[in-house]
Amino acid sequence: MSGLLPFFVAGLGFLFISAVESIPFSSAPSRSRYLPLRLRYTSSLTLSSLFLLSSLLSLSLSLSTHSHDPLGASLPLSSLAASSFFLLYSLSGLLSLPPLSLLPLPSSFLDLLAFFSFSLQFIFFYLRRKDLDGIENRYFDLLLVPILLCILSTLLIISWPTSLVPRLARAAGLALQGTWFLQMAFSFFTNAISHGCDIHHKSRANYTIKCKTHEDYHRARAIATLQFNCHLALLIVTATVIYGLLARNKPSNHNGYRPLNKELQMGTAISTFTLDSDEEDTEIVVESNGHESGHVALHVPDQNGTVEKISRD
C-alpha cells in the first residue's frame with residue numbers, strides 16, 4: 001500500500017469500523033437487531049477488498065515494469081496474508097447472519113478469525129524494515145501499539161463475549177489505527193513531511209524516507225513520537241467527552257434525597273417521640289399528625305403532674 005489516497009482511505013475505513021464496533025449489540029427481537037453486525041462485516045469486507053486490490057495492483061506494476069527492485073513484488077505478497085484473513089472474517093460474519101444464515105458460525109469462532117487477522121497485521125508491520133534508517137519505520141513501530149490493543153481486546157472478547165469493555169477497547173484500538181493512518185498519509189506523501197527529509201520511491205510498494213543529516217533523523221523521529229502522543233491524547237479526550245454526554249443523557253435509576261417536609265407529608269399516622277429530662281422524672285411528648293398543616297402537639301407535665309398540651313401549627 002502506497003500513496004496518499006490508499007492511506008487516507010484506510011484511515012477513514014478504520015474510523016468507520018471503530019464507530020460501528022462501539023455500537024452496543026441489542027438482544028431485542030427486531031429487524032434492526034443485526035444492523036450493527038451487518039455494518040461491521042460489510043465495512044470490514046470493503047476495506048479488506050481495497051487492501052487486496054492495492055496489493056495486487058502493486059504486484060502487477062512491479063512485474064510489468066521489470067524494475068530492478070528486488071522487494072517490489074515481495075512486499076505486496078506479504079500483505080496479502082493479512083488482507084485475506086480480514087476478508088475471510090468479513091465473509092464468514094456476513095454469511096452467518098440471519099435471515100440467510102448460509103454459514104452459521106458461533107461468534108467465538110468469528111472473534112478467533114479476527115484475532116488471527118490482527119496477529120498477521122502485527123507481524124506484517126513488525127517485519128516491515130526494508131531500510132533501518134528510514135523514518136517510516138518509526139511510524140510503523142508506533143502503529144503496532146493500537147494493533148496490539150486490538151489483539152488483546154479480541155482475546156478478552158473470546159473469554160467474555162457478553163462484556164462491553166473489551167469491545168470498547170477494540171473500538172479504541174481501531175480508532176487509533178484510523179487516525180494514525182491518516183497521519184502517515186500526510187506525513188509521508190505531502191509537504192507535511194519533516195523538514196530536511198524526502199521520500200524515495202523504488203517501486204509503488206517499496207519506498208523509504210531519508211533525511212539529510214543526523215540531526216534531521218533525530219528530529220523526524222521525535223516529531224513522529226510527539227504526533228502519536230497527540231493522537232493518543234485526542235482519543236482519550238474524545239472518549240471522555242462521549243462518555244460524559246451519554247452518562248448525562250442516561251436516566252438515573254436511583255432516587256435522590258427528598259426534603260424532610262416531603263417525608264412528613266407522605267405520612268398519615270401520628271408520630272411521637274419522647275424527651276426525657278435528667279433533673280426530674282418528667283417527659284415531654286411531641287406528636288405530629290404528618291399532614292400538610294404541620295400540626296405539632298407538645299405534652300408537657302407541670303409540677304402538679306398535670307399534663308399540659310401545647311399545640312403549634
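This is a predicted model: local features need pLDDT of at least 70, side-chain atom pairs count only at pLDDT 80 or more; totals for chains, interfaces and linings use all residues.

Visitor: Is F51 buried or exposed?

Guide: One compares the relative accessible area with a cut-off, and buried means under 20%. F51 has a relative accessible area of 18%, and therefore counts as buried.

Visitor: How many helices and strands has the protein, and in what pattern do they follow along the sequence?

Guide: There are 8 helices and 6 strands. Read along the sequence, the pattern is α-α-α-α-α-α-β-β-α-α-β-β-β-β.

Visitor: What do the totals say about burial, surface and contacts?

Guide: Each total answers its own question. Of the 313 residues of the protein, 37% count as buried. The accessible surface comes to about 18,900 Å², and carbon and sulfur atoms account for 65% of it. Among contacts between residues at least 6 apart in sequence, 58% join residues at least 24 apart.

Visitor: How is the length of a helix to be judged, for example that of α3?

Guide: The distance between the end C-alpha atoms is set against the span expected at 1.5 Å a residue. Helix α3, residues 74-95, has 22 residues and reaches 32 Å from its first C-alpha to its last, close to the 32 Å expected.

Visitor: Where is the kink in α3 centred?

Guide: The kink in α3 is centred on L80 and amounts to about 25°. L80 is also one of the buried residues of α3.

Visitor: What span should the 25 residues of α6 have, and how far apart are its end C-alpha atoms?

Guide: At 1.5 Å a residue, α6 should span 36 Å, and its end C-alpha atoms are 36 Å apart, so the two values agree. As to burial, α6 is mostly covered, with 19 of its 25 residues buried.

Visitor: How many salt bridges does a search of the whole structure find?

Guide: The search finds 5 salt bridges. In one of them, the side chains of R40 and E21 meet at 3.1 Å, N to O. R40 lies in helix α2 (residues 35-65) and E21 in helix α1 (residues 4-21), so this pair ties together parts that are 19 residues apart in sequence. Both R40 and E21 are buried.

Visitor: Which arginine of helix α6 lies 146 residues from E21?

Guide: That arginine is R167, in helix α6 (residues 165-189), and its pair with E21 links distant parts of the chain. The side chains of E21 and R167 meet in a salt bridge of 3.9 Å, N to O. R167 is buried, as is E21.

Visitor: What is the N to O distance in the salt bridge of R170 and E21?

Guide: The distance is 2.8 Å. R170 lies in helix α6 and E21 in helix α1, so the pair ties together parts that are 149 residues apart in sequence. R170 is buried too.

Visitor: Which residues are linked in the network of salt bridges?

Guide: The linked residues are E21, R40, D111, R167 and R170. D111 lies in helix α4, residues 107-126, and counts as buried because its relative accessibility is 5%. Leaving aside neighbours within four places in sequence, D111 is in contact with T154, I157, I158, R167 and R170.

Visitor: Why does V9 count as partly exposed?

Guide: V9, which is in helix α1, counts as partly exposed because its relative accessibility is 32%, and that class lies between the 20% and 50% cut-offs.

Methods: Residues are numbered from 1 along each chain as its sequence is written. Side-chain values use heavy atoms; hydrogens and water are left out. Helices (H or I, at least four residues) and strands (E, at least two) are DSSP runs, numbered from the N terminus. The expected span of a helix is 1.5 Å times one less than its number of residues. The bend at a residue is the angle between axes fitted to the seven residues ending there and the seven starting there. Buried means under 20% relative accessible area, exposed over 50%, partly exposed in between (1.4 Å probe, protein chains only). Contact means heavy atoms within 4.5 Å. Accessible areas come from the Shrake-Rupley method with a 1.4 Å probe; for residues, only the protein chains shown count as cover. A salt bridge is a side-chain nitrogen of Lys or Arg within 4 Å of a carboxyl oxygen of Asp or Glu.
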